[in-house]
Amino acid sequence: MANNLYTGKMAAIFDAMYQTFINYDEEYEFYNELIKEKNCTSILEIGSGTGNLAKRFQENNQDYKGLDYSQSMIAIAQERNKNSLFIHGDMRNFELENPVDAIIITGRSTSYLINNEDILDTFESVYKNLNQNGVFIFDFIDANRFIPFIKENQSILHEATYEGINYIRESHWKTTPLENFLLNWSAQYYKIVDNDKEILLDDFSTVRVFTLNEIELFLYLNNFEIIKTIDRKTYAYDTYVIVAKKNL
Ligand SMILES: C[S@@+](CC[C@H](N)C(=O)[O-])C[C@H]1O[C@@H](n2cnc3c(N)ncnc32)[C@H](O)[C@@H]1O
């Protein structure tokens with residue numbers, strides 16, 4: 001999980017850019033609707049990042065906690081949400097003081113679960129930390145649509161403006177001969193100054209995209225039953241969102 005995008009000053013740049021890419025009000029409505037449908041009150045968000053969803057949960061006085069692997073992301077989330085709890089932890093192995101009604105993994109953070117053990121460990125931890133009637137909601141990038149997309153598009157540009165600053169992200173995705181259809185993602189983040197691109201960071205990560213069928217099997221192996229599969233377009237990726245419950 002070596003990834004400098006979520007560390008140091010990059011956490012702040014991530015925060016600025018993603019607020020343009022992602023409509024967090026809509027994102028909150030989407031997850032909250034699913035959570036409410038199942039009458040869940042206590043919520044854990046995994047991959048809580050810089051706390052943009054946390055802010056909406058907190059504003060609505062909901063029983064929310066965040067969990068993230070990056071201290072820099074948590075520092076920004078905590079500054080934004082003084083009264084929320086953010087746990088520094090790894091989704092592959094965590095233990096809450098008390099189980100919760102809903103666990104959500106947001107913003108395609110599942111892409112960082114690159115081998116099967118990572119996924120099985122995560123699903124097992126989620127299972128243990130959910131109440132009996134709890135629901136597990138998460139998204140992932142659909143391999144069947146994303147792989148053809150990157151084969152056709154060598155370079156993918158995203159522009160964003162936040163607090164008067166213009167940013168550009170130039171992504172290059174490559175399929176690899178590695179197992180699990182792992183992809184190499186290199187991204188250059190720029191700030192536009194006087195019409196010139198000023199490089200902020202050259203980021204490289206290896207990420208995983210999944211087929212729906214793989215996810216169904218991983219859930220089955222961890223005693224989850226799928227209640228809903230939602231096909232959801234997000235700013236850059238074709239994504240599925242799964243809502244699952246524990247098979248007792
Ligand atoms: C693409 S960001 C999404 C952040 C946020 N959900 C959003 O949409 O703005 C992915 C987040 O997952 C976190 N992450 C990656 N691997 C993790 C792990 N094993 N356990 C917990 N968090 C992890 C990263 O630190 C980062 O904050």
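L217 lies in helix α7, which covers residues 212-221, where helices (H or I, at least four residues) and strands (E, at least two) are DSSP runs numbered from the N terminus. The model is a predicted one, in which local features need pLDDT of at least 70 and side-chain atom pairs count only at pLDDT 80 or more, while totals for chains, interfaces and linings use all residues. Residues are numbered from 1 along each chain as its sequence is written, and side-chain values use heavy atoms, with hydrogens and water left out.

With a relative accessible area of 48%, L217 is partly exposed; buried means under 20% relative accessible area, exposed over 50%, and partly exposed in between (1.4 Å probe, protein chains only). Together with Y220 and L221, L217 forms a nonpolar patch on the surface with about 370 Å² of accessible area.

Helix α1 (residues 10-21) has twelve residues and should span 16 Å at 1.5 Å a residue, which agrees with the 16 Å between its end C-alpha atoms; the expected span is 1.5 Å times one less than the number of residues. Nine of the twelve residues of α1 are buried, so the helix is largely enclosed by the rest of the structure. Among these buried residues are M10, I13, F14, M17 and F21, but also D15.

## Salt bridges

The structure holds 16 salt bridges, each a side-chain nitrogen of Lys or Arg within 4 Å of a carboxyl oxygen of Asp or Glu. In one of them R145 pairs with D238, the closest N and O atoms being 3.9 Å apart. R145 lies in helix α6 and D238 in strand β11 (residues 238-246), so the pair ties together parts that are 93 residues apart in sequence. R145 is partly exposed at 27% relative accessibility, whereas D238 is buried at 18%. Both belong to a salt-bridge network that also links D142, D231 and K233.

R208 and E214 also meet in a salt bridge, at 3.2 Å from N to O. Here R208 is buried, with a relative accessible area of 1%, while E214 is partly exposed at 23%.

How values were computed. Patch = residues over 30% accessible without salt bridge, like charges linked within 9 Å, V, L, I, M, F, W, Y side chains within 5 Å. Areas by Shrake-Rupley, 256 points an atom, 1.4 Å probe, with all protein chains shown as cover.
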